[in-house]
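The sequence and the structure are shown first.

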Amino acid sequence: MAAGAPAERPRPVLTPPARRSPGFLYKMAAPSGRSDRRLWAALVPAALLCLAARAAEEPSTADFDVRPGGEVHSFSRSLGDYTCTFTYSAQGGTNEQWQMNIGVSEDNLLFSCSVWRPQGKSYLFFTQFKAEVKGAKIEYAMAYSQAAVGGQSDIPLKQEEFEITETTVSHREGKFRFELSKLMIVAKTPRDEL
């Protein structure tokens with residue numbers, strides 16, 4: 001380079017799209033309109049669940065009966081270091097067949113647990129419910145009064161009806177309207193905090 005000549009600027013290094021930060025991708029892909037934001041809010045949890053469904057360990061699905069009678073019952077499943085427990089009390093009707101699905105993502109960063117009635121709407125009167133994960137911290141959770149089947153859509157509970165902590169999703173005393181058909185949880189595993 002000749003004396004007095006301007007120094008060459010270093011060329012910016014462009015990373016492939018897969019290496020960009022999630023914040024960058026969110027800003028680039030996030031819809032901007034008010035109704036678009038609601039759509040985006042629905043798509044993010046769905047994407048998290050899809051990631052969690054790509055399991056490193058074989059996902060586990062188990063059928064169990066939700067029994068009315070007013071007694072507190074629990075059902076648990078474990079996969080590796082992670083456990084999901086559904087505890088409830090219900091009244092009315094007869095036993096209903098429900099399912100619990102659990103899985104761990106391929107990268108071991110997410111643990112998912114869903115508890116639901118495959119036939120859609122439950123006709124039981126739930127007096128309480130709680131889903132608890134062990135070995136991971138909840139990143140996203142939602143409770144529904146109706147599960148999507150046969151052209152029907154999921155109908156979420158109102159936010160005031162349930163509460164979410166680091167490890168549980170449970171009814172909110174005095175606010176819960178006694179209808180439950182589905183719970184979904186996506187939790188971050190400790191490997192994500194390294």
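The model is predicted. Its secondary structure consists of two helices and 11 strands, and the order along the sequence is α-α-β-β-β-β-β-β-β-β-β-β-β. The chain has 194 residues, of which 36% count as buried. Its accessible surface comes to about 11900 Å², with 53% of that area belonging to carbon and sulfur atoms. Among contacts between residues at least 6 apart in sequence, 65% join residues at least 24 apart.

**Strand E1**

Strand E1 spans residues 60-66. In a regular strand the side chains alternate between the two faces of the sheet. E1 pairs with strand E4 (residues 96-104) in the antiparallel sense, over seven bridges. The bridge partner of Thr61 in E4 is Asn101.

**Aromatic pairs**

A pair of aromatic rings is described by the distance of the centres and the angle of the planes. The structure holds 10 aromatic pairs. One of them is formed by Phe64 and Phe75, and this pair is stacked, at 4.2 Å centre to centre with 10 degrees between the planes. Because Phe64 lies in E1 and Phe75 in strand E2 (residues 72-79), the pair ties together parts that are 11 residues apart in sequence. Ring pairs also link Phe64, Phe75, Phe86, Tyr88, Trp98 and Phe126 into a cluster. Elsewhere, Lys182 lies over the face of Tyr144, at 5.3 Å from the ring centre.

**Buried residues**

| Residue | Relative accessible area | Class |
|---|---|---|
| Phe64 | 6% | buried |
| Phe75 | 17% | buried |
| His171 | 14% | buried |

**The surroundings of His171**

Which residues surround His171, leaving aside its neighbours within four places in sequence? His171 is found in strand E10 (residues 168-171). With those neighbours left aside, His171 is in contact with Thr127, Gln128, Phe129, Glu161, Phe162, Glu163 and Phe176.

Conventions:
Residues numbered from 1 in each chain as written. Predicted model: local features only at pLDDT ≥ 70, side-chain atom pairs only at ≥ 80, totals over all residues. Heavy atoms only, no water. Phe/Tyr/Trp six-rings, centres within 6.5 Å; stacked < 30°, edge-to-face > 60°. Helix = DSSP H or I, 4+ residues; strand = E, 2+ residues; numbered from the N terminus. Buried < 20%, exposed > 50% of the residue type's maximum accessible area, 1.4 Å probe, protein only. Lys NZ or Arg CZ within 6 Å of the ring centre and 35° of its normal. Contact = heavy atoms within 4.5 Å. Areas by Shrake-Rupley, 256 points an atom, 1.4 Å probe, with all protein chains shown as cover. Pairing = 2+ DSSP bridges.
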